[in-house]
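Please look through the sequence and the model shown here, and then read the notes that follow, which are arranged by topic.

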Amino acid sequence: MLNDTHFYTYDGNGAVLYQNQHGYANPIIDATNTKKILVYDIGGYDFSLESKYKNIYKKRLENQIVFASVSDKGYVAVVTLSDKSLCMLSVFDNNGNPIYYYHCTDGRITNVEFTRSEDGVVVTSIGAEGGQFVSKVTRFKFNSEEPLWTTPKINTLAFNTFLQADGTLVLFGDNKCVCYDRNGEYIGEYVYRDTLIDYQSDDEITALLFENKERRTASLVVFSSITGYITEIEVTDAKAIETSGQNVYVMMDKRIVMYNSSGEEINDVKISSDYDEFRKIGDHIYLMGYSDVDRIDFKE
């Protein structure tokens, strides 16, 4: 957990394991698991890699940080401003040693995703063409300066990506979600009909949560890039979603509902309306409100 002054880790019962005063003006946290956690100063020059129990290292860069991300093993990708290009990507190993640099000259990097083998990254960048935002995705390996592949320009403003275990890339844009295989070949896309309010993807399914304010309705769309099936579910008072295996969890105003990929309601649990976010970890759900984090049991 991160606040304006400190970084904290807790065990499953809420006891503090470790705390560290970060001293950052605009602190941001990133983590893919509970083993390595990245804390950085957006717009500043510093970042630190933490574990559950201690600080691993701290580093100060020459250029301002735009954003950063961390891999499961503790590799850190940092995108900074640059005098030589529109922005620069720097990758550091789990000891803080630099292992890769990339200067982006034809767009601005919006997302960096580590491959599962952690031998490279998938970089998403945005630019403009004909007065419209366009995006592209480029796959790099750390042992080569030349990219393995680059997608054609995509007519969307990409804001996030997820790399599945088989190498399938799911790209989330402002008007559609697009899938590519491990070689950068186009698989398919889903064009949004309503306003996207949340999205999640894991190794098996992708889920999109939409809102239609005019009709005062919400819908959940679930699809697999592998099988190509698409399921649409009408939901009410939906706030946020999580995916796990073949299931989707939907936070509503007073309960969390678990659906399978076919849209069938499998299980639910009652909650208060004070929470805005949640995370499903094992047999527990962690509920997050303005100033509280609570845990409830939820077994599939």
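Is Tyr-10 buried, partly exposed or exposed? Tyr-10 is partly exposed, with a relative accessible area of 34%, where buried stands for under 20%, exposed for over 50% and partly exposed for what lies in between (1.4 Å probe, protein chains only). This is a predicted model, in which local features need pLDDT of at least 70 and side-chain atom pairs count only at pLDDT 80 or more, while totals for chains, interfaces and linings use all residues. Residues are numbered from 1 along each chain as its sequence is written, and side-chain values use heavy atoms, with hydrogens and water left out.

**Tyr-10 and a surface patch**

- Tyr-10 belongs to strand E1 (residues 6-10); strands (E, at least two residues) are DSSP runs, numbered from the N terminus.
- Together with Met-1, Val-16 and Val-293, Tyr-10 forms a nonpolar patch on the surface, and the accessible area of the four is about 350 Å². Such a patch is made of residues with over 30% relative accessible area and no salt bridge, the nonpolar side chains (Val, Leu, Ile, Met, Phe, Trp, Tyr) being joined within 5 Å.

- Tyr-18, in strand E2 (residues 16-21), is buried at a relative accessible area of 12%.
- Beyond the neighbours within four places in sequence, the residues in contact with Tyr-18 (heavy atoms within 4.5 Å) include Phe-7, Thr-9, Glu-50 and Tyr-53.
- The side chain of Tyr-18 has a polar contact of 2.9 Å with that of Glu-50 and another, of 3.5 Å, with that of Asn-20. A polar contact is a pair of N or O atoms within 3.5 Å, of which, within protein, one must be able to donate a hydrogen and the other to accept it, and residues adjacent in sequence count only if both atoms are side-chain atoms.

**Salt bridges**

- The structure holds 14 salt bridges, each a side-chain nitrogen of Lys or Arg within 4 Å of a carboxyl oxygen of Asp or Glu.
- In one of them, the closest N and O atoms of Arg-60 and Asp-46 are 2.6 Å apart; the pair links strand E6 (residues 55-60) with strand E5 (residues 46-50), at positions 14 residues apart.
- Arg-60 is exposed at 58% relative accessible area, whereas Asp-46 counts as buried at 19%.
- Arg-116 and Asp-203 also meet in a salt bridge (2.6 Å, N to O). Arg-116 lies in the loop between strands E11 (108-114) and E12 (120-129) and Asp-203 in the loop between strands E19 (195-201) and E20 (206-212), so the pair ties together parts 87 residues apart in sequence.

Note on methods: Helices (H or I, at least four residues) and strands (E, at least two) are DSSP runs, numbered from the N terminus. Patches are made of residues with over 30% relative accessible area and no salt bridge: like charges are joined within 9 Å, nonpolar side chains (Val, Leu, Ile, Met, Phe, Trp, Tyr) within 5 Å. Accessible areas come from the Shrake-Rupley method with a 1.4 Å probe; for residues, only the protein chains shown count as cover.
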